[in-house]
There are 2 protein chains.
Amino acid sequence: MADYRLHCFCQSGNAYKVALYLNCAGLDWEPVFVDFMNGMTRDPDWRSRTNVMGEVPVLEADGKQLTQSGIILTYLADKTGQFAPQGEDAKLEAWRWILFDNHKFTSFFAAHRFMRSFAPAPTDPAVLAMLKARAEAAYAVVEAHLADCSFVLGDAPTIADFSLAGYVYYPDDETGFNLAQDYPNIDAWRQRLRALDGWADPYDLLPGERIAPRAQP
Amino acid sequence: MADYRLHCFCQSGNAYKVALYLNCAGLDWEPVFVDFMNGMTRDPDWRSRTNVMGEVPVLEADGKQLTQSGIILTYLADKTGQFAPQGEDAKLEAWRWILFDNHKFTSFFAAHRFMRSFAPAPTDPAVLAMLKARAEAAYAVVEAHLADCSFVLGDAPTIADFSLAGYVYYPDDETGFNLAQDYPNIDAWRQRLRALDGWADPYDLLPGERIAPRAQP
């Protein structure tokens, strides 16, 4: 059995944050497929055994079951030293961006992508417009921040980068965003991350069937 | 000058999380009013001086400017020991709930309240319905968790409780929720927190004018 077992599926950028870290850190890990698209995380049994929050990723590590990508990244960085922020101030700064990511940057972008492209029924356009506007506001904050630095905390990648990078490699026809055109600093940053040893596309790294996004009106 | 200066306003439950902690911990703090409702946090000058993320709370402490309520709570708990989770596993568990709070529990509930009651123009009913459904799903997770424990981590309150409690004392006519009726475990938990020395209502603790919520159709 691998040292780390990651419960995940390929459409989940939150799972990808951890998978990409594990891969770039060169750790011994294996995926455990979660059939989210068919409701596995809503099953009460799955929730009580795996995660009461009904979410992936879940990481089995050292006899623990860790959930929340931000916790998992912190745990792994503390344990291995890889991509760890150096010093107390840097730790706080990394966490500041991880919280902003969970609250706004990933959150609205991912909700918009899911409801636009993968929800079972079409989503009201007003809902999509609201989510998109909030995602754009969060992306503008990160775009401005990355004007002055190569990675979120400066010259070297840390867990904050892996957190923010969860959804930035999914294709435009899923996300409804054109990052290369509209967010050049974010685009350059994701290219820098792509150059790391161990980088792989979410659809190559994570298990599950690829699903064609809903045709847009 | 007080030891801690909290940039805040009374409608912000995210600021209230920190204000309530400071008060219950008996720390020497003072509020700095942020005129969010008139756009102060969108001002580029305010952003560059105070918080590039355009958000409150911001805490001035020990010559630093800390942002993100989860970071501030962690910083204060580490420094003072008050309401600090005990041990590494408890720290991870507290952070797991703080992330869930930022991602879903506070996030959707607060966005729903703001757009329903305080946004300058009425919000599309489909948007409110989506935000409410997501808030309800997050509240159901916490309601189930609190069936077995007095506070989020067990018998004693920690920073995780202060994080989740940010918006649970705002009146029903603002939030559109009836917590006392629909979430009895959350209601009992907020009463337990209310019994702490230093507890105060957000509208008594934080500066700014109270605004009548928009009349509902």
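Predicted model: local features only at pLDDT ≥ 70, side-chain atom pairs only at ≥ 80, totals over all residues.

Mentor: Arg96(B) lies in helix α4 of chain B, which covers residues 88-117.

Trainee: Is Arg96(B) buried or exposed?
Mentor: The cut-off for buried is a relative accessible area under 20%. Arg96(B) has a relative accessible area of 13%, so it counts as buried.

Trainee: Which residues does Arg96(B) touch, leaving out those up to four places away in sequence?
Mentor: A contact here needs heavy atoms within 4.5 Å. With that exclusion, the residues that Arg96(B) touches are Asn51(A), Val52(A), Met53(A), Thr67(A), Gln68(A) and Ile71(A).

Trainee: How far apart in space are Arg96(B) and Ala212(B)?
Mentor: In sequence, 116 residues separate Arg96(B) and Ala212(B). From C-alpha to C-alpha, the distance between Arg96(B) and Ala212(B) is 35 Å.

Trainee: Which term describes how α4(B) is oriented to α5(B)?
Mentor: Helix α5 of chain B spans residues 125-145, and α4(B) packs on it at about 140° with the axes 9 Å apart. An angle over 145 degrees would count as roughly antiparallel, and one of 65 to 115 as roughly perpendicular. The orientation of α4(B) to α5(B) is therefore oblique.

Trainee: What is the handedness of the crossing of α4(A) and α5(A)?
Mentor: In chain A, helix α4 (residues 88-118) and helix α5 (residues 125-145) pack at about 140°, with 9 Å between their axes. These two helices, α4(A) and α5(A), are therefore oblique. The crossing of α4(A) and α5(A) is left-handed.

Trainee: How many nonpolar residues does the contact of α4(A) with α5(A) have?
Mentor: On the α4(A) side the contact includes Trp97(A), Phe100(A) and Phe105(A), and on the α5(A) side Leu128(A), Leu131(A) and Val142(A) are among the residues. Two residues of the contact of α4(A) with α5(A) are polar and four are charged. The nonpolar residues number 15.

Trainee: What is the radius of gyration of chain A?
Mentor: Chain A has ten helices and four strands, in the order β-α-β-α-β-β-α-α-α-α-α-α-α-α. For 217 residues the globule rule gives 17 Å, and chain A is close to this, so it is as compact as a globular protein of that length. Its radius of gyration is 17 Å.

Trainee: What share of the residues of chain A counts as buried?
Mentor: The C-alpha trace of chain A spans about 50 × 45 × 25 Å along its principal axes. Of the 217 residues of chain A, the share that counts as buried is 58%.

How values were computed: Residues numbered from 1 in each chain as written. Chains lettered and ligands numbered in written order. Heavy atoms only, no water. Axes fitted to C-alpha atoms, helices over the stretch in contact; angles between N-to-C directions. Parallel < 35°, antiparallel > 145°, perpendicular 65-115°, else oblique. Left-handed = near helix turned anticlockwise from the far one by under 90°. Nonpolar A, V, L, I, M, F, W, Y, C, P; charged D, E, K, R; others polar. Rg over C-alpha atoms; globule rule 2.2 N^0.38 Å. Buried < 20%, exposed > 50% of the residue type's maximum accessible area, 1.4 Å probe, protein only.
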